Amino acid sequence: MNAAATARAHTNIALIKYWGKADTTLMLPQTSSLSLTLDQFYTDTAVAFDTSLTQDEITLNGHLLTAQAGRKVHNFLDLVRQRSGQTAFARVDSTNHVPTAAGLASSASAFAALAGAASQAAGLNLSRTDLSRLARRGSGSATRSIFGGFAEWHAGTDDHNSYAEPFEETVDWPIAVVALVLDARQKKVSSTQGMQSSVTTSPYYPAWKNVVDQDLAAIKPAIQARDFTTMGEILEANAMRMHALTLSANPPYSYFNGDTLAAMATVQSLREQGIACYYTLDAGPNVKVFCQTPDLPVITEHFKAQFGADSVVVAHPGPGINLQSTL
């Protein structure tokens, strides 16, 4: 009987960013990082190993991928086969409930879900820590999407000690994230390309590594103390320092567009009016605004008027991976 499993994993947004790999094969980061898993963006993936298949069949959002387009998934499945002893090819059916490659962490939820479903279908029955290690091999930030709430990814130095773990999985204070989907198209400079360029050409990269250490040390007690203002100030500054690495690379590049800058200005204007909110961005033009639940109505009203209701998605802290075995 063929083995199969399904998984749902949610995206995460990094408060303290990971930007740059120390090892591109093992997907080891240059720095540790800390994130919040979100409930509104997620990936559903089903994996079935089938002895009748002559190659892996990978379907994303209803479209069968070519061998080239599905190469990263195929390579990941090879890793699962190697570890499990499974020899059959797999049928993978994945649906992204988040724009792909637009700076909204689709790869994090995608590879976390793939790691969960593929390992379960292959009979590995991994612990969440081991699942975090495995997911990292597909996409670095996927290592954090195994867990709900706040998660910390320890950079480590090898395959064993680079993994994520919960920092505060049950988030019992009223925080929310207003995601502004300003451009859902695939970005021109991939995260992988951008990271490598920043690591190798930005003169400020060594300073970035020190900044991350300092920001990580400062934000953890702020989260534990429910100090929203300090947390917000740190996560916003950390994001801007990350994006300074793109502007200082050679050649320079940016993930911002005009709407990105306009949204950032709106956040600053709201703060001047006494509304506590802070922005962060990953590798894309789309802005995520951290706020507190009581302030959601006025914040969302501003952004709906500015960018249209369809561009505004309200998210809250989300859960960790959910796995189901099927036969």
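**Exercise 1.** List the residues in contact with arginine 136, leaving aside its neighbours within four places in sequence.

Solution. Contact means heavy atoms within 4.5 Å. By that rule, arginine 136 is in contact with Leu26, Met27, Leu28, Thr143, Trp153, Asp159 and Ser162. This is a predicted model, where local features need pLDDT of at least 70 and side-chain atom pairs count only at pLDDT 80 or more, while totals for chains, interfaces and linings use all residues. Residues are numbered from 1 along each chain as its sequence is written, and side-chain values use heavy atoms, with hydrogens and water left out.

**Exercise 2.** State where arginine 136 is placed, whether arginine 136 is buried or exposed, and which side chain a polar contact joins to that of arginine 136.

Solution. Step one: arginine 136 belongs to helix H3 (residues 128-136); helices (H or I, at least four residues) and strands (E, at least two) are DSSP runs, numbered from the N terminus. Step two: its relative accessible area is 0%, so arginine 136 is buried (buried means under 20% relative accessible area, exposed over 50%, partly exposed in between, with a 1.4 Å probe and protein chains only). Step three: the side chains of arginine 136 and aspartate 159 are joined by a polar contact of 2.2 Å (a pair of N or O atoms within 3.5 Å; within protein, one must be able to donate a hydrogen and the other to accept it, and residues adjacent in sequence count only if both atoms are side-chain atoms).

**Exercise 3.** Classify the pair of phenylalanine 150 and tryptophan 173, and locate both residues.

Solution. The structure holds seven aromatic pairs. Rings of Phe, Tyr and Trp (its six-membered ring) pair if their centres lie within 6.5 Å; planes under 30 degrees apart count as stacked, over 60 as edge-to-face and the rest as tilted. Here the centres are 6.3 Å apart and the planes at 25°, so the pair of phenylalanine 150 and tryptophan 173 is stacked. Phenylalanine 150 is in strand E8 (residues 150-154), and tryptophan 173 is in the loop between strand E9 (163-168) and strand E10 (175-180), 23 residues apart. Phenylalanine 150 is buried because its relative accessibility is 0%. Tryptophan 173, at 9%, is buried too.

**Exercise 4.** Name the residues that touch the most other members of the largest nonpolar core.

Solution. A nonpolar core is a set of buried Ala, Val, Leu, Ile, Met, Phe, Trp, Tyr and Cys residues joined through side-chain atoms within 4.5 Å. The largest has 71 residues, of which Leu36, Phe150 and Met231 touch the most other members. Its largest share, eight residues, comes from H2. In helix H2 (residues 106-121), 14 of the 16 residues are buried.

Definitions and conventions. Expected span 1.5 Å × (residues − 1).
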